[in-house]
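Work through the exercises below with the sequence and the coordinates open. Each task is followed by a solution in steps.

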Amino acid sequence: MTKRMAQTKFIGQVTKVRQEKPAMVIEWPRSITHVHTYGMLTPFFQGLKEGKLRATYCPNEGCPENGLWIPPRAHCPDCHSEMKWKTLRNPVIGTVHTFTEVVYAGTGIELSTPYWQIDVEIPGVVTIPKSYLLYGKPYIGMKVKAEFRTKNPTNTVLDYYWVPYET
Amino acid sequence: MIRFKEGNLRVPKWNRRVFMVAGGTTAYRKYFPEYKLEELVMIAFKNLLEDNDLKMDPLEVKGLINYAAYGEFADHFQDQLLCQAKVHDYLGLDPLYNMGIKTGGATGGSTIMQAAMAVASGYANVALAAGWERMDEVDTRTGNFYISTAACKDFETRLGRIYSSYYAPMANRFAWAFKVSEITRAKIAVKNHLYACSSPYAQQPGKYTVEDVLNSPMSAYPLRFLECCAMSVGAAAVLICDEETAYRLTDRPCELFICGGTHTLRVADRRPMDIPLLPHETPDMYKDLIEKQSRYPGFESFLAARFAAWLTYRMAGIQNPLEELDLVELHDAFTISDLQTYGDIGLRPYGQEQDYIESGDAYYINPHTGLPGKCPSNLSGGLIGTMHAVGATGIFQAVECLWQLQQKYDKFHGDPKIWKKWGKKKPKDWQSLQIPETSKQALWVSHAGVGSHVTVGILRKSW
């Protein structure tokens, strides 16, 4: 006769029922941590923690694009050369290209709402990177200065931001 | 600067003509616990097989299918990898091959393109294109976060965690560059919510005023809640055929042309380039615009949409879209994306997009003249008024275009039984939005990201 001692036990959490009608709806909890690499862009994120804004550029003189890239890329999209790094000289002064005030944000937002998200033109940079304005109210054409979260860095792109720059 | 070489600009050409003959859909809801996902797809599939006046028994039609393309935006919404296998089995189509398609908000358009390529190549005579999304397993803010992972996770997602915050900067720049009042955007929201009132499938119908829109809660300045699309559950399907089979199945087939374009996921990375000109455009038209704005496409326009239109118009022989199209269904995920697209697909020149709304051309009935609009837009109610079950969206838009050209708008929107089927009562003041019988061509745009993938499809009446 087979013994019942070694029977399989239910070791999970009992699934909660949200509603019974018109169909049975259950809860399906999730708690997951992904492990994500910054890969060859690691110098950019390291640089932010050191108060440096780093960009990449294509060293191939025959390439049609030799401007700076932020967000950086490890490889040139035009000629596929491996890009080189350049640290922008502080203070980095940019111009607000456009902006929005984020009022209603999705789950997990790490900035207190409402806040101003800005897209900034930087001299010599071919791209217009997205960031945020720490204080003040942006307008198109506004001059802004890059600052860095060197104390208690978040280890993310939030480690640089902009503040109004008045000459 | 994007520079093209010879092969890059080859205009796609089907190896044989491709047709769309039937469509099906569910209603769309924010929360749809009554049905599992595969059950919703079955409902849309049955609608396609049984209700389109096809000249064969539904199961005989099913017996002609030998390939399926399935669109789904996000595995993390469904929480089910290989959802297409589950759906395909549920529809009873094994062991015919199927492929899952994922191109963000353009998934529906890409899915139809995939089915069309199967027919054009000869792999299939009859292909099913179906799409779905189940966005109600998580709360709205978590849904918004999920969608925002379709921004660059390293450089953008953390700066908003909601997609409106990636479109809103475009709205501010567009308004600044072209001196556009936010009233124009609000009119788009009013129009599309209103047209949704005629649809038994609509999730967000409403009779709003411009003031209602502008006074609705802010999502990301300047985009208000009433300017933003629905987050939906639902499914849609179309049947794609070769020419011979199309006429065997229906007396009202529509020939299909569809092409796509792409551009950077991050708007930040859009380097300036020359404007690819549509057949009716000349370089002189944009001399001032480029001088003033300094960059194209910048934050104002979608190169992916322009490139898709550039190809599709040449593929279909369209010379002037405003003159030759009788209906457009555009991807109004936000009022601003709708507005921007008018320039991309040539309904107006770049810089004059707002005139498409202000002139009344975009309306079913032009509010200035009381006559039919020249090329009405989003009579389905669009994404703002009716649905955005992402993987289904580009397919639902095509279904609406097909039924309009087949003169079946009233059949599929005005029958009280359909309203009842979806738990609604047909409004007493229901209005038909059927386009005239003389209409020949309809276009729909399926659009992803902040313009990362776009398909432009055209259906041409072929009877």
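**Exercise 1.** State which residues of H8(B) meet which residues of H14(B), and how the two helices are oriented to each other.

*Solution.* Step 1: list the contacts, where two residues are in contact if their C-beta atoms, placed from the backbone, lie within 7 Å. On the H8(B) side they are Thr184(B), Arg185(B), Ile188(B) and Ala189(B); on the H14(B) side, Thr335(B), Ile336(B), Asp338(B) and Leu339(B). Helices (H or I, at least four residues) and strands (E, at least two) are DSSP runs, numbered from the N terminus.

Step 1: sort the residues by class. Ala, Val, Leu, Ile, Met, Phe, Trp, Tyr, Cys and Pro count as nonpolar, Asp, Glu, Lys and Arg as charged, and the others, Gly among them, as polar. The contact of H8(B) with H14(B) then has four nonpolar, two polar and two charged residues.

Step 2: take the angle. Axes are lines fitted to C-alpha atoms, for helices over the stretch in contact, and angles run from 0 to 180 degrees between N-to-C directions. Helix H8 (residues 182-196) and helix H14 (residues 335-344) of chain B pack at about 105 degrees, and their axes are 9 Å apart. Angles under 35 degrees count as roughly parallel, over 145 as roughly antiparallel, 65 to 115 as roughly perpendicular and the rest as oblique. H8(B) and H14(B) are therefore roughly perpendicular to each other.

A note on the model: it is predicted, and local features need pLDDT of at least 70, side-chain atom pairs count only at pLDDT 80 or more, while totals for chains, interfaces and linings use all residues. Residues are numbered from 1 along each chain as its sequence is written, and chains are lettered from A and ligands numbered from 1 in the order in which they are written.

**Exercise 2.** Decide whether Leu82(B) is buried or exposed, and do likewise for Arg161(B).

*Solution.* Step 1: note the backbone. Leu82(B) has a positive phi of about 55 degrees although it is not a glycine, and Arg161(B) also has a positive phi of about 55 degrees. Most residues other than glycine have a negative phi.

Step 1: locate them. Leu82(B) lies in the loop between helix H3 (75-78) and helix H4 (83-90) of chain B. Arg161(B) is in the loop between helix H6 (140-148) and helix H7 (164-178) of chain B.

Step 2: count neighbours. A residue is buried if 20 or more other C-beta atoms lie within 10 Å of its own, exposed if 12 or fewer, and partly exposed in between. Leu82(B) has 10 other C-beta atoms within 10 Å, so it is exposed. Arg161(B) has 25 C-beta neighbours inside 10 Å and therefore counts as buried.

**Exercise 3.** Describe the side of chain A that touches chain B.

*Solution.* Step 1: 36 residues of chain A are in contact with 33 residues of chain B.

Step 1: strand E6 (93-102), strand E7 (115-121) and strand E8 (130-133) of chain A each give two or more residues to this side. The largest share, six residues, comes from E6(A).

Step 2: by class, this side of chain A has 20 nonpolar, eleven polar and five charged residues.
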